[in-house]
Amino acid sequence: MSLLAIAWTIVAFLVGALVVVLCVVMANLFRVITSTRDLIDGVTKQTVPLLAEVGTTVTLVNQEIGRVDGILATAETATTAVGNVVNVVSSTVTSPLVKLSAFAWGLRRAVSKAAEDDEGSAGTRRRGRRRR
């Protein structure tokens with residue numbers, strides 16, 4: 001055999017080994033791609049129904065929020081009406097009470113002043129009689 005034939009034989013073995021290595025790499029790559037595709041298909045099968053349920057849930061939540069807004073508006077109206085009634089009752093009750101309190105204070109002061117005047121004049125009369 002010539003040196004050139006040996007060189008070509010070695011190159012042929014190296015190319016054959018390279019082809020075998022490439023086939024193994026391609027088989028592993030094919031397996032990884034298949035697993036990835038199966039994973040994506042599984043996620044898609046589970047995600048699509050979940051997205052439909054989420055859409056339904058969001059719709060129902062929006063309806064409930066609308067109802068709650070209506071309830072809150074009614075409660076706000078009722079609270080305003082009750083506040084107005086409380087203000088009217090408060091002013092109706094407190095105004096006479098303030099007037100009555102002021103009258104009682106004035107009456108008490110007048111009575112105490114009259115009592116002091118009576119005591120003062122009675123004391124002066126008694127002293128005047130004793131001196132005589």
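Accessible areas here come from the Shrake-Rupley method with a 1.4 Å probe. The model in these views is predicted.

**View 1. The whole protein and its surface.** Welcome to the overall picture: the protein has one helix and zero strands. Its radius of gyration is 53 Å, well over the 14 Å that the globule rule gives for 132 residues, so the protein is more spread out than a compact globule. Along the principal axes, the C-alpha trace spans about 175 × 40 × 15 Å. The accessible surface comes to about 11,800 Å², and carbon and sulfur atoms account for 70% of that area. Of the 132 residues, 1% are buried.

**View 2. Asn87 in helix H1.** Here we stop at Asn87, which sits in helix H1, the stretch covering residues 3–131. Asn87 has a relative accessible area of 52%, and because exposed means over 50%, this residue counts as exposed.

**View 3. A negative patch around Asp118.** Glu116, Asp117, Asp118 and Glu119 together form a negative surface patch. Asp118, one of these four residues, belongs to helix H1. Its relative accessibility is 53%, so Asp118 is exposed by the over-50% cut-off.

How values were computed: Residues are numbered from 1 along each chain as its sequence is written. This is a predicted model: local features need pLDDT of at least 70, side-chain atom pairs count only at pLDDT 80 or more; totals for chains, interfaces and linings use all residues. Side-chain values use heavy atoms; hydrogens and water are left out. Helices (H or I, at least four residues) and strands (E, at least two) are DSSP runs, numbered from the N terminus. Buried means under 20% relative accessible area, exposed over 50%, partly exposed in between (1.4 Å probe, protein chains only). The radius of gyration is taken over C-alpha atoms; the globule rule is 2.2 Å times the number of residues to the power 0.38. Patches are made of residues with over 30% relative accessible area and no salt bridge: like charges are joined within 9 Å, nonpolar side chains (Val, Leu, Ile, Met, Phe, Trp, Tyr) within 5 Å. A salt bridge is a side-chain nitrogen of Lys or Arg within 4 Å of a carboxyl oxygen of Asp or Glu. Lys and Arg count as positive and Asp and Glu as negative; His and the chain ends are not counted. The place of a charge is taken as NZ of Lys, CZ of Arg, CG of Asp or CD of Glu.
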